[in-house]
Amino acid sequence: MPPKGSNAVTKTFEMLELLGESPEGISAAQAAESTGHPFSTAYRLLGGLVESGYADFDPRTKIYTLGMEVFRLAQKVAHRRGLTGATKDLLEDLTATTGESSILAVRRKDAALTVLTVDGPQFRTTTDPGDESPLHTSALGQALLAHDPNAEATIDSLDLEARTPNSITDPAQMRDRLERIREAGWAGQSEENDIGMNALAVPVFDLDGRLLASLALAAPVFRRSLDELVALVPQLTETAAAIAARFPR
């Protein structure tokens, strides 16, 4: 049996495991020291992980951290194996209180990645863990995009393709929408992402004020109007705060 780290695949997984054991991130020099690989090898392996989305790199601090692709795969596995996650009870309570489906999503590049859903008693959500929705059409995505510090540049880079006749495709209109979201504290959309569905989302910030995720309630238009969903903002923001409290600093 070849020794640990003797081939490229093993070295890559070894580096990925090291990132998982380093929640605050790690530099290429630290990775080289920890693994015993030459700096050039560590740098190349980390670069490959960044390129594939399994690692993120902060050019200011020169620090590498786990990327969202790892999270997406983990959610696929968790969903398939019936695992619930640390926040499912909070979403279950939210759905029980409101009677509507609840969804938790995180930002992944130019999409909102669904990580957890709890279906309402009479309706199944149109997204599953691991699914992605556009930032500009979904309430989940708009709540994330509104609090992107580089929102202006992001809007310019997005392909504002319509998913329905109600989708916003004009950059100026999208900027106006995001400004209203920041002022109101919530994002609402009516049949902009899926025909027949209304949704309302709020951002989830950690205790240091950093954006973690977005939390939404989704309902078919025949049962709740968007205005009726807006009345549930207090329950949404309360649940968002409870979710944030479970994320360590």
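Tutor: What follows describes that core and then the chain around it. The model is predicted: local features need pLDDT of at least 70, side-chain atom pairs count only at pLDDT 80 or more, and totals for chains, interfaces and linings use all residues. Residues are numbered from 1 along each chain as its sequence is written, and side-chain values use heavy atoms, with hydrogens and water left out.

A nonpolar core is a set of buried Ala, Val, Leu, Ile, Met, Phe, Trp, Tyr and Cys residues joined through side-chain atoms within 4.5 Å; buried means under 20% relative accessible area with a 1.4 Å probe, protein chains only. The largest such core holds 24 residues, and Leu-140, Leu-145, Leu-178 and Ala-201 touch the most other members. Two or more residues each come from strands S3 (101-108), S7 (197-205) and S8 (211-220) and from helices H6 (139-146), H7 (151-157) and H8 (171-184). H6 gives the largest share, six residues. Helices (H or I, at least four residues) and strands (E, at least two) are DSSP runs, numbered from the N terminus.

Leaving aside neighbours within four places in sequence, Ala-201 is in contact (heavy atoms within 4.5 Å) with Ala-139, Leu-140, Ala-143, Trp-186, Ala-187, Leu-215 and Ala-216. A second, separate core has 23 residues, among them Leu-94, Leu-113, Leu-200 and Leu-236.

Across the chain there are ten helices and eight strands, and 45% of the 249 residues are buried. Of the contacts with a separation of 6 or more, 55% join residues 24 or more positions apart.

Terms used. Buried means under 20% relative accessible area, exposed over 50%, partly exposed in between (1.4 Å probe, protein chains only).
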